[in-house]
Amino acid sequence: MYQLKTNNGMVWVSADALAAQEGLVHAFSTRHGGKSTFPYASLNLGLHTGDNISTVRDNRDRFLREFGISPGEAVSLHFIHSNHVLPVSERDGGKGYHTGDDALGNADGMITNIPRRALVITYADCIPILFYDPAHRAIGACHAGWRGTAAGIAMETVKTMQRIYGTNPADLLAAVGPGIDPDHFEVGQDVYDAVSVHTPNPARLFRDKGGGKYLFDIWQANIDQLTTTGVPRAQITLIDLSTYSRDDLFFSHRRRLGGNVGRQAAFIMLS
C-alpha cells in the first residue's frame, strides 16, 4: 500500500512498508510544491530540462528540506539507461544534486550503508525503485527505463547489495514507484526481444497490438526481476500511479512527446 501526502502545497507519495521502518526516510515527488512555471509547473526537479537552472535548484532544495535533508547530503547520477550500480561513500555527499557536472558517475543504480546520504533518482516515465535491507541497514535506489530493465538494473542492484553488504534478498523491502502504465507504453519488437532476456515469461509482460507493436508492462517486468533474485513478492510495494495518465500529479515524457517536460524524483536515506 501507499499514501499520497501533502504539506504546505507539496505533494509526495510514501510506501507504507518503507515508512514503517525506524530510521529510514523516503519519498516519491509529484509535480506539486515548486516554483517552476509552464510547462514545468511546478516542482520540476530535472537539471537538464530547459527550465531555469536556479529555479530547479531551488525546487530540489525545497523538496529535500521537507524531510530535513540538506543538499550536501544528497547524491545523484548521470543516468545512462544501464545496469551499472555504484556504492556511495560519506565523501560523496552533494554529488550531482545541484549540477550534473559532478554526478557520482555514469550509472543507473546506487547503494549505501552510510547514514545521511540521500540516494536521489530523477525520472518522468521510467521506473524508480527503492530498496531497504533492515538486517544490514543498507539502502539502494535505481532508475529503470526500458533499456535499464532489459539490462537487468533491478537485479543488478540486489546483487550488488548482496556482494558489498551481505544482503539476503529474502530480507529486502522494495518499492517500485510511479511510471508509465501498461495501457500507454507502446514499444517495438526490439524492446520485446531485449526484455525477454531477463524474464521467465515475457508473453505476460506484453500485449500484442500487431504490426510489431506491443504494450509493455514495465512495472511487472521489474517486479519479476526482483522476485527472480529472491525478494518475496509480499515485500515489494507497487505504486501503480501512472505518470502518463495522471497529468494532475506527474510529468510524463511520452505524454509531452515533442515538447518540454519536467522530472519527478524519488529518494531514500538512512537517518
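Two strands are taken as paired if DSSP finds at least two bridges between them. By this criterion, in the predicted model, strand E1 (residues 2-7) and strand E2 pair in the antiparallel sense over six bridges. E1 and E2 form a hairpin with two residues between them, and Asn8, located in the turn, has a positive phi of about 50°. Within this pairing, Gln3 stands opposite Ser14 in E2.

Strand E2 (residues 10-15) is also joined to strand E3 (residues 24-29), by two bridges, and these two strands run antiparallel. Here Val13 stands opposite Phe28 in E3. E2 is mostly covered, six of its six residues being buried. The burial extends to both faces of E2: Met10, Trp12 and Ser14 lie on one side, and Val11, Val13 and Ala15 on the other.

An open sheet of six strands was identified with the order E5-E6-E9-E8-E10-E14 and mixed pairing. Strand E5 (85-87) and strand E14 (236-238) each have a single partner strand and stand at the edges, so one side of each is left without a neighbour in the sheet. On average, neighbouring strands of this sheet are turned by 15° against each other, direction ignored. Strand E10 (residues 173-176) is joined to E14 by three bridges, and the two run parallel; Val176 stands opposite Leu238 in E14.

Two helices pack on this sheet. Helix H4 (residues 153-165) touches E5, strand E6 (109-112), strand E8 (127-133) and strand E9 (138-144). The direction of H4 makes about 160° with that of E9. Helix H6 (residues 218-228) touches E8, E9, E10 and E14, and the direction of H6 makes about 25° with that of E8.

The largest pocket has a volume of about 750 Å³. The lining of this pocket consists of 32 residues, of which His81, Ala124, Cys126, His143 and Arg263 lie nearest its centre. Strand E7 (118-123), helix H3 (146-151) and strand E11 (186-188) are the elements that give two or more residues to the lining. The largest share, three residues, comes from E11. By residue class, the lining of the largest pocket divides into 13 nonpolar, 13 polar and six charged residues.

Methods. Residues numbered from 1 in each chain as written. Predicted model: local features only at pLDDT ≥ 70, side-chain atom pairs only at ≥ 80, totals over all residues. Heavy atoms only, no water. 1 Å grid on protein atoms, 1.4 Å probe; cavity = no way out; pocket = protein on both sides within 12 Å on 5 of 7 lines; lining within 4 Å. Points joined across faces, edges and corners; volume = space filled by probe spheres on them. Helix = DSSP H or I, 4+ residues; strand = E, 2+ residues; numbered from the N terminus. Nonpolar A, V, L, I, M, F, W, Y, C, P; charged D, E, K, R; others polar. Axes fitted to C-alpha atoms, helices over the stretch in contact; angles between N-to-C directions. Contact = heavy atoms within 4.5 Å. Buried < 20%, exposed > 50% of the residue type's maximum accessible area, 1.4 Å probe, protein only.
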